[in-house]
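Reader: I am new to this structure, and I would like to understand the words used for it as well as the values. Could you take me through them step by step?

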Amino acid sequence: MLSNRNWTLCLVVLALLAGTCLAQDATPPKFYKLDFAVKEVEGARVLNSRTYSAVVSTEHAEGAMPCSMRMGSKVPYSTGREYSFLDLGVSIDCRAVKELAGQLTLYVIADISSALQEPTPSPGLPPTVRQNRWSSLVILPFKKPTIIFSADDVASKHQMQLELTATPIT
């Protein structure tokens, strides 16, 4: 008959072996380089293009966002006696990164804003802001630039596009 001490030792060894077996079944995280291109186009001609890159993983800490990028400026405007600020620029967030059937799926949230160059109609009023906001679950092939969002500018013949290229890192 096993003593309590030997019985406890057997249980500890079994628990360690079970933990080792479970850890071997877990697949290691995969990493991908994401290249975003924000393009302003008219017809087939690219008028302006900016690129932003990040590395993401299929595994991340609970509650953490695998990709969060903020680029831009705080633009001051007068409200009479004091100043307020507008946050303008590019904001891109990604989450739920997964590889599925040889393609990458992820949820993308993008906000692209800028102030129009024209002077404001009246002192004290904030500048006119042009803004594009998108969010969606997207699926894309590897190593192929894919337009994931596009929108026509209501005041011109321009179009704003967000292109994404995903490259596996080996």
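Author: Let us begin with the largest pocket of this predicted model, whose lining is made up of 14 residues, with Val38, Asn48, Ile112, Ser114 and Met160 lying nearest its centre. Strands S1 (31-42), S2 (45-57), S4 (83-100), S5 (103-115) and S6 (129-141) are the elements that each give two or more residues to this lining. The volume of the largest pocket is about 270 Å³.

Reader: How do you know that there is empty space at all?

Author: Rolling a probe the size of a water molecule over the atoms shows where empty space is left.

Reader: What makes up the lining of the largest pocket, by class?

Author: There are 5 nonpolar, 5 polar and 4 charged residues in the lining of the largest pocket.

Reader: Which residues lie nearest the centre of the second largest pocket?

Author: Arg130, Asp152, Asp153, Val154 and Ala155 do, out of 14 residues that line the second largest pocket. Two or more residues of this lining come from each of S6, strand S7 (146-152) and strand S8 (159-169), and S6 gives the most, with 3 residues. The second largest pocket holds about 220 Å³ of space.

Reader: Why is Phe149 called buried?

Author: Phe149, which has its place in strand S7, has a relative accessible area of 9%; the word buried applies under 20%, and therefore Phe149 counts as buried.

Reader: What is Phe149 in contact with, once its neighbours within four places in sequence are left aside?

Author: The partners of Phe149 are Val108, Ala110, Trp134, Ser135, Ser136, Met160, Gln161 and Leu162, where contact asks for heavy atoms within 4.5 Å. Two others, Ala110 and Trp134, stand opposite each other, Trp134 being in S6.

Reader: Why do S3 and S6 stand at the edges of their sheet?

Author: The sheet is an open one of 4 strands, in the order S3-S4-S5-S6 with antiparallel pairing. Strand S3 (67-78) and S6 each have a single partner strand, so one side of each is left without a neighbour in the sheet. On average, neighbouring strands of this sheet are turned by 10° against each other, direction ignored.

Notes. Residues numbered from 1 in each chain as written. Predicted model: local features only at pLDDT ≥ 70, side-chain atom pairs only at ≥ 80, totals over all residues. Heavy atoms only, no water. 1 Å grid on protein atoms, 1.4 Å probe; cavity = no way out; pocket = protein on both sides within 12 Å on 5 of 7 lines; lining within 4 Å. Points joined across faces, edges and corners; volume = space filled by probe spheres on them. Nonpolar A, V, L, I, M, F, W, Y, C, P; charged D, E, K, R; others polar. Buried < 20%, exposed > 50% of the residue type's maximum accessible area, 1.4 Å probe, protein only. Pairing = 2+ DSSP bridges. Axes fitted to C-alpha atoms, helices over the stretch in contact; angles between N-to-C directions.
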